[in-house]
Each structure stands twice: as C-alpha cells, then as structure tokens.
Amino acid sequence: MAGNRRATRSGGGDPSPLRLIGVAVVLIGLVLVALRLLPGSPFESDVAARWGVSGDPAARVTDGATDRSTRSTPTPTPSPEPPPLPLRPTTVKLDAEGWWSWSLLDTRTGEIAGSANMSETNTTASLIKAWIVADYLRRADEAGRTVSEAKLDDATRIIRDSDNTRTQQFYETLGGAPSIRRLITTCKLTDSSPAADGGWSRTNLSARDTARMGACIADGRAAGPEWTDWLLNEMKLVRGTGDFGIRKAFPTAEQKRIAIKNGWVDRTREQEIHVNCLAIGEGWTMGVMVRYPINLGYEYGMDNCEKVAEQLRAAAT
C-alpha cells in the first residue's frame, strides 16, 4: 500500500486547483504591468518618464505643436542713462563784436553740439601746444625712447606757462607741419588744416575739432597710454595768464579737476585778436573760439569764453 501511494504522488495526475489559481494571478499581474508601461494604454502610468520628457506632469511636452504666442518673451534690460553733464547745449546769446563759435562733446556717447558755425576755423595760437606736447611724448614712447627730466620740465613749461621758445623746439623736433597732419588723422578732425606758413601758431582749428582734440587727449590717442595721465594733470595745473575761460565758469573747487589749454594772440596783420579755449572735464570736452578787433584787448575774448560756458552751465541746472 505504501508503495502504491508513493507511485501515485510521483505520477502525472491532475494539477492542484490552488496551483492553477496562483499561476493565473501571476499572469494577470504581468499583463497589467505591461499595459501600464505601454504608451497610449488606458492603464499607462501618469509618472512614467519618456525620452526627453520630464517625469513631472507639469513639465511634460504635448505631442501637438507648441503655440509660440503662449511663450513668455524675456524683457530686455534697458541700458542705464548716464548721469547728466554739468554743461548742456543751449542757444547761446553773446553781445560781442566780431566772430565767435563753440562746441560741446559728450565723450561718453560721442554726441557733439554747438553753434551753427562750429565748423568754421580760427588760428589756434597757444591752444595747439597741448597737441604738440602730446605728439612729442607719444612718439618718444612708440620709439622706445626715455624722455629725460629736462624734456619733461620743458613740457611742463609749455603746458602750464605757455612757453613759446620751448614749444618751437618741440615743434621742430616733430618735423613741423607733419605734426599737425598727424593731429588731423589721429583725432579724426574734419575742419582743420596746418598753417600756410608751416608754423604752429596759425594752425587752423574749428571749435568742433577743438572739442574732438580734447576727447583725443582724454582717451589716450594723443599722448598714448604712457603719458596721458601725466599730460591731463599738467593741463589741470595751468597757471598765470593762461588760466582763464571755460573752467572759470565753474565753482573754485571744481576748477582744479578740469584740464585746460588756451590760446591768445594779437594778429597785427589782420588787426584782430584771436582767443581760443579748450577744456576737458569728466565725460565732456568743450571748445570756444572768438575773433574781434584788436583794440578791444585780450580780456574781452577771455571773458566771452567764460560767458559761453556760463550759459551752458545754467542750461544744465
């Protein structure tokens, strides 16, 4: 009997009902899992990640085309407005005899304004000395030459005291009129020209080009990176007779921060006095030129340079 029972257990009898139920449950489970992973299935899982699609439902991309009108457009950040300058272009009224012209250049933006005749020229007299010193220093640096203390002292006398003898020596070293042609090309002047006699005093410069020359000195093109700060400092230290004009329209404390070079001469051949003013401030340069009968004296023109600047200062307040 025992042997018969063992044979019955090891034979191929009918499967147990419990085993059939278990197998069915496993199969159904596998089918349901497969359906949840199948894209498009009604049983598809809401959090199933796709290639290139975030698992976050809020970040999922639809199959349809994106409506570009619904996309947010970045708002460009506007460039900050530069602070106002202490001078502002305005209609200048001057009760003056003779001819006069002025120009104001915003060195931050390149904008230039001035009188209707700002492109007309006057002879520069000593105003051109700022360029002559700049040209001398820049060319020495470009050539790898050390400027001696004696030559620096000469340059100081030219700028601060308007020394004519030393100016002539520098000018001849630079080749004369070719230095003025370098001024025109380096500073991109449009109205000016060397003097007919080849000298420096009768260089023809407009008020507009005077302001441009000032910008050229301020940004380093004139004297070069080695000497620009030195030259601007010397121009702030102009003293004596040559300290007049544009910066005198400013409070005393501000005057020392403004670099200047002025020119004044009596032209006996023309029976005229020519007075010219250059000023370089923070963010601006300015040129004023006046020409009038010789009998009126130097102070007449010096005062008129200052009066033009006063009106531009008043317009800025």
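Q: Which residues is Asp191 in contact with, leaving aside its neighbours within four places in sequence?
A: They are Met118, Ser119, Thr121, Ser206, Arg208, Asp209 and Arg212. Contact means heavy atoms within 4.5 Å.

Q: What kind of model is this, and how are residues numbered?
A: This is a predicted model, where local features need pLDDT of at least 70, side-chain atom pairs count only at pLDDT 80 or more, and totals for chains, interfaces and linings use all residues. Residues are numbered from 1 along each chain as its sequence is written, and side-chain values use heavy atoms, with hydrogens and water left out.

Q: Why is Asp191 called buried?
A: Buried means under 20% relative accessible area, exposed over 50%, and partly exposed in between (1.4 Å probe, protein chains only). Asp191 has 19%, so it is buried.

Q: What makes the link between the side chains of Asp191 and Arg208 a polar contact?
A: A polar contact is a pair of N or O atoms within 3.5 Å; within protein, one must be able to donate a hydrogen and the other to accept it, and residues adjacent in sequence count only if both atoms are side-chain atoms. For Asp191 and Arg208 the value is 2.8 Å. The side chains of Asp191 and Thr190 also share one, at 3.0 Å.

Q: How do you know that S5 and strand S6 pair?
A: Two strands pair if DSSP finds at least two bridges between them. Nine bridges join S5 to S6 (residues 272-281), which run antiparallel; strands (E, at least two residues) are DSSP runs, numbered from the N terminus.

Conventions: Helices (H or I, at least four residues) and strands (E, at least two) are DSSP runs, numbered from the N terminus.
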